[in-house]
Amino acid sequence: MEFYSLVEAMRRELAVCVRTSSAEDIPWGWVGAAVAELLSENSSGISRAVLLTELEAQWHKVAMGEVMQYETLYSLAPFFNCSIKPPPSTVFGLKIDGTKTIPNTQIWLWRVSGAPEPTDVSNAAAKNTNKRRRDADMQMDAFVHQRFYPMIEAREFSGFFDNTRTLFATNLWMADRGGGSGGQPVHTLLPTTSLAFELRLRDNVKQTETANKHTDEALLQRVFGVRFVGGQFVRDGKPEFSADQIWCKIGEVGEIKTKWRDRRLVLYCFIEGVLEHEDPPVTVTIGMWAEDVAVARLFKTGFYIGLLCPIVKSCASGSASMEAELGPQTIVFITSPCRSRSAAAGPGMASQFSIAQNESGLLDYRRYAHRVQLCQCHTDMINLTLLARVIAVSNNMPFEENGETQDRYAVRIDDGTAVRDITFWNQLGQQAARMLPGQLVLLVNLDTSDENGDVVLNGSSETGTKVYIISEMASIPTSSALRSCSFLSTLSDTANVYAKVCIVSIHPGATHIRDARDNLSATMLVHTTCHHPVQRKGNPQFSGTLDGPADVYDFVCPACRNNNLPPEDVISIFDIIVCIDDGTLSLMARTTATVAKAILRISPSQMLELPSSSEQQQKLLAPQGKEVVVSLTTFCEPFSTDHDVRIDAICDADDVGIFVSR
């Protein structure tokens, strides 16, 4: 497939531009979607150099911007190397290499660098080990917020910041604190309270004390009165600290909203947790207000957090629930004894051996490195990008639930490895209804489900699904550097190719209902929503020329199951067959409505306004002998074994390589 080859080539060239060690560092689905979007936006064509430049710019934004909002970065590299600075919402995993004060002051600094990254056992990621180690070795000073000064100075936390303590932080900003030699800047991270210290647990109780000497069991007992046994935390004596403290397992992280507090609107978020070490277990709701809301980005369902000095709002003796809030002195600790050290840490970490799993247990293929094929699809997959051919498109199958009706369309696709059905919903379903058999399509952000034991793909606007009909993209025929040309004599039964041909003749299609002014049977009446032919109400078998104006008739759309179409929703489009020849073969090809209009250089409404048959016939004769580059699709109509050819996109041969700026 031409488009597949284009995506593969762009992926390799992009890897060189952004200096990754391999094209596998860049997700195939991301490149495919980005290329399709750029081709859609540049319908008059785009050069290979411009396409690559646009991809490089977008990749830098993804790698250093959007991804940071969802993943933990174990490096300070974005602060040093990137022209696009990391947004405050980025979550960093850092290690504290040392603690010191600025000379002649009582201002504390941490020396920080990238924390030890989650272990990735895949061969693909192993190639990046040296680069990731260099990134992790980048160091920077960080101002310590005064909230954490007591931890540095208190006897109870003696040694806590030794042995490269790991912390997770967000809302990080970098500034020059001045005083560098020769006027050089001294880049330093500004103080933040949006951080949590990671507590280390024994990975294996059978290990020696030497192997586990840097774990935090003693601190957990001393501060929170708990210890980890048999996969959960249990009570282990009374905490030595007199301050309030909470140790809980996160069950839910709420959405960030605005609420009234002290007569003003402020941000609010909460987490629901459980104190599993209590008997019986106690549920806890922990609120976060204003600037404390940012710390919620560090929390995930299933993690354990410890709060030292929270504001306890209610905690009746013997009660099964309690409420608390983060306060101005609250210190947060975090750990996850079952946390998987997977490789889903960013766009450069994706590989066929490391697929991210979200909190619901669904496999997230958003950063998967390779092209996913239909034979690999199974249930519980999300954010799939698929490249396949359309076999058939169903009529609307409305779905009713709770008194509401939703449009539902099924599209059957084939990529050479398997055949699957996709269910499209509502507005996206109406868009999918315009797909034609044989067309090559790129489908972005699909998910899978089980239906009576079969894997079914689903797409809707709510989940961000996008449909790109590659065969209809006019920018590819116009851009010679993005495709090659095939000969008509070599067309296969499942072809999606491009060819340079000459238009020999044009013939009316004469297959559906048409306007009374059509003297040549070269148009048909369709529903504006789906572009499927309409039928006369009460006379579905009629397929000829109307006796009068179309707006005096009642029409139905069997494809959309609409039995009462208003006149403005019924329009005329061209229905023609074109004879083309490239010197190796002459054949008859159908056309899409857009292609027919481009060939004839006139709209259907303008054609119908021509008063005589001879004038209309002249419009069909005008394109004869013209050289064009076409996107060709071979296909079978449903319930047929005969293969036809259709032109899905076209440009004049003289226009190839002439690009018009957007």
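**Note on the predicted model: salt bridges, cores and surface**

1. Arg165 and Asp216 are both buried in this predicted model. The two residues form a salt bridge, with 2.8 Å between the closest N and O atoms. Arg165 belongs to strand E5 (residues 165-169), while Asp216 sits in the loop between strand E8 (195-198) and H8, so this pair ties together parts that are 51 residues apart in sequence.

2. The whole structure contains 16 salt bridges. One of them joins Arg646 to Asp648, the closest N and O atoms being 2.7 Å apart. Arg646 counts as buried because its relative accessibility is 5%, and Asp648 is buried with a relative accessible area of 2%.

3. Lys95 pairs with Asp97 in a salt bridge whose closest N and O atoms are 2.6 Å apart. Asp97 is partly exposed, at 29% relative accessible area.

4. The largest nonpolar core has 38 residues, and Trp110, Met151 and Phe333 are among those with the most contacts inside it. Helix H8 (residues 217-224) contributes the most to this core, with four residues. A second, separate core has 33 residues, including Trp59 and Tyr498.

5. Asp450 is part of strand E27 (residues 440-451).

6. Gln106 lies in the loop between strand E2 (91-101) and strand E3 (108-114). Gln106 counts as exposed because its relative accessibility is 71%. From Gln106 to Tyr149 the separation is 43 residues in sequence and 10.0 Å in space, C-alpha to C-alpha.

Notes
Residues numbered from 1 in each chain as written. Predicted model: local features only at pLDDT ≥ 70, side-chain atom pairs only at ≥ 80, totals over all residues. Heavy atoms only, no water. Helix = DSSP H or I, 4+ residues; strand = E, 2+ residues; numbered from the N terminus. Core = buried A, V, L, I, M, F, W, Y, C linked by side-chain atoms within 4.5 Å. Buried < 20%, exposed > 50% of the residue type's maximum accessible area, 1.4 Å probe, protein only. Salt bridge = Lys/Arg side-chain N within 4 Å of Asp/Glu carboxyl O.
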